[in-house]
Amino acid sequence: VKDEGRNGYCFYTPDMNSDMSDRIEIEHQLRGALERNELSLNYQPIYCLHNKKLMGVEVLLRWNNGVLGSIPPDKFIPIAEQTGLIIPIGEWIIRQACLQGLAWNKDCGENYRIALNVSPRQFRNGHIVQVLLRVLDETGFDPSLLVIEITEGLLIRNDKNTAQTLSRIKAMGITLSMDDFGTGYSSLSYLKQFPFDIIKIDQSFVRELADDPGDQQLVTAAVAMAKGLGLKVIAEGVETDFQASYLTSAGCDALQGYFLGYPVTAEEFMAKVIPPKEF
Ligand code: C2E
Ligand code: CA
Ligand code: CA
Ligand code: CA
């Protein structure tokens, strides 16, 4: 998004040219990314604070392109969303992640949960429901182990369709998680309107937890409110010992962040993360 001028006009800057051609190049390369096998998934562990065990993973998309190199999701997912490329890519992610979860759970005899990020575009016309039904049917993955993470961006449209689609997903036995909780301005009213099971406290509230009493208060209040509504709380972006202890005593149910584990490939996950870890 470009900076807007005083009167809300969008001024043309030299930067814009290169932004625009970056965009076009990204879009061009992204069109062939699936066929060229350039997309992959990383898995970041989420630890349960009640039994101190690995609870599951968040699935994070990675793209390594021959021309552009490795491009962060924040840069290409919005383009995938605008161009509709997120539709085939999104289905690939869901299938790939379910197959991976199935393989781990079979190998380890565990029931790790798989949390997926889903874009608003995938919700259009209830498309996501068809995809989930298809993939669950094809793979046999247990829907009660699937978590869908949704940001407020989706809920802002707040149409009947969204509510209906979320209810249908929930009725399939899938868990709904509100991502980046607290960053939008209507998080609370959305919790009331939509059938969420989990909130993920955004990393912006965790980052300065050690020095910011305001953030400490907000985290405490968010946990109390979530508990009152019968929701579970996951804190993300946990990078330090202090943050982990604070969030644990504040009553969070689970933690995710570099302090506990980076996002890694499936192979690394199997080799290094699944073996029990002390924290
Ligand atoms: P998100 O869903 O909020 O994901 C968490 C982001 O925080 C990830 O960035 C993760 O690598 C990063 N992270 C995890 N722990 C820490 C930590 O301790 N400290 C810090 N500073 N960061 C941490 P990533 O992988 O670059 O993804 C960025 C965003 O891109 C995600 O934010 C999500 O909105 C989107 N995204 C990623 N994968 C997918 C996907 O498969 N589908 C969709 N629709 N969006 C995705
Ligand atoms: Ca997420
Ligand atoms: Ca998040
Ligand atoms: Ca985010």
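Student: What volume does the second largest cavity have, and which residues line the second largest cavity?

Tutor: Bear in mind that this is a predicted model. The second largest cavity has a volume of about 30 Å³, and its lining is made up of Gly90, Ile93, Ile94, Leu116, Asn117, Val118 and Gln122. Two elements, α3 (86–108) and β4, each give two or more residues to that lining, and the largest share, three residues, comes from α3. Sorted by class, the lining holds four nonpolar and three polar residues, with no charged ones.

Student: How many cavities of 30 Å³ or more does a search of the whole structure find, and what lines the largest cavity?

Tutor: The search finds two cavities of that kind, and the largest has a volume of about 80 Å³. Its lining consists of Ile46, Met55, Gly56, Val57, Arg113, Ile114, Ala115, Val147, Glu149, Ser177, Ile198 and Ile234, with β2 (54–65), β4 (113–117) and β5 (146–150) being the elements that give two or more residues to it. By class, this lining has eight nonpolar, two polar and two charged residues.

Student: Turning to the metal sites, which residues are the protein donors of the calcium ion (ligand 2)?

Tutor: A metal site is read from its donor atoms, and here these are Glu58 (OE), Asn117 (OD1), Glu149 (OE) and Asp179 (OD), which lie 2.2 to 2.3 Å from the calcium ion (ligand 2). Along the sequence, the donor residues follow the spacing E-x58-N-x31-E-x29-D. A further calcium ion (ligand 3) is 3.9 Å apart from ligand 2, and Asp179 coordinates both ions. Glu149 lies in strand β5 and Asp179 in strand β6 (residues 175–181), so the pair ties together parts that are 30 residues apart in sequence.

Student: Are Glu149 and Asp179 buried or exposed?

Tutor: The cut-off for buried is under 20% relative accessible area. Glu149 counts as buried because its relative accessibility is 2%, and Asp179, at 7% relative accessibility, also counts as buried.

Student: How many disulfides are there, and how far is the sulfur of Cys98 from the nearest cysteine sulfur?

Tutor: In general, a disulfide is a covalent bond between the sulfur atoms of two cysteines. In this model the count comes to zero disulfides, and Cys98, which is in no disulfide, has its nearest cysteine sulfur, that of Cys108, 16 Å away. Cys98 is buried, with a relative accessible area of 0%. Cys252 is another case to examine, since its sulfur is 12 Å from the closest cysteine sulfur, in Cys48, and that is too far for a bond. Cys252 likewise counts as buried, at 3% relative accessibility.

Student: Where are Asn37 and Lys52 placed, and what is the phi of each?

Tutor: As background, most residues other than glycine have a negative phi. Asn37 has a positive phi of about 65° although it is not a glycine, and its place is in the loop between α1 (14–31) and β1 (39–48). With a relative accessible area of 63%, Asn37 is exposed. Lys52, placed in the loop between β1 and β2, has a phi near 55°, again a positive value in a residue other than glycine. At 39% relative accessibility, Lys52 counts as partly exposed.

Key:
Residues are numbered from 1 along each chain as its sequence is written. Chains are lettered from A and ligands numbered from 1 in the order in which they are written. This is a predicted model: local features need pLDDT of at least 70, side-chain atom pairs count only at pLDDT 80 or more; totals for chains, interfaces and linings use all residues. Side-chain values use heavy atoms; hydrogens and water are left out. On a 1 Å grid over the protein atoms alone, a cavity is a set of points where a 1.4 Å probe fits but cannot get out, and a pocket is an open set with protein on both sides within 12 Å along at least five of seven lines; lining residues have an atom within 4 Å of a point. Grid points are joined across faces, edges and corners, and a volume is the space filled by probe spheres set on the points. Helices (H or I, at least four residues) and strands (E, at least two) are DSSP runs, numbered from the N terminus. Ala, Val, Leu, Ile, Met, Phe, Trp, Tyr, Cys and Pro count as nonpolar, Asp, Glu, Lys and Arg as charged, and the others, Gly among them, as polar. Donors are N, O and S atoms within 2.8 Å of the metal (3.2 Å for Na, K and Ca); water is not among the atoms, so sites may look incomplete. Buried means under 20% relative accessible area, exposed over 50%, partly exposed in between (1.4 Å probe, protein chains only). A disulfide is a pair of cysteine sulfur atoms within 2.5 Å.
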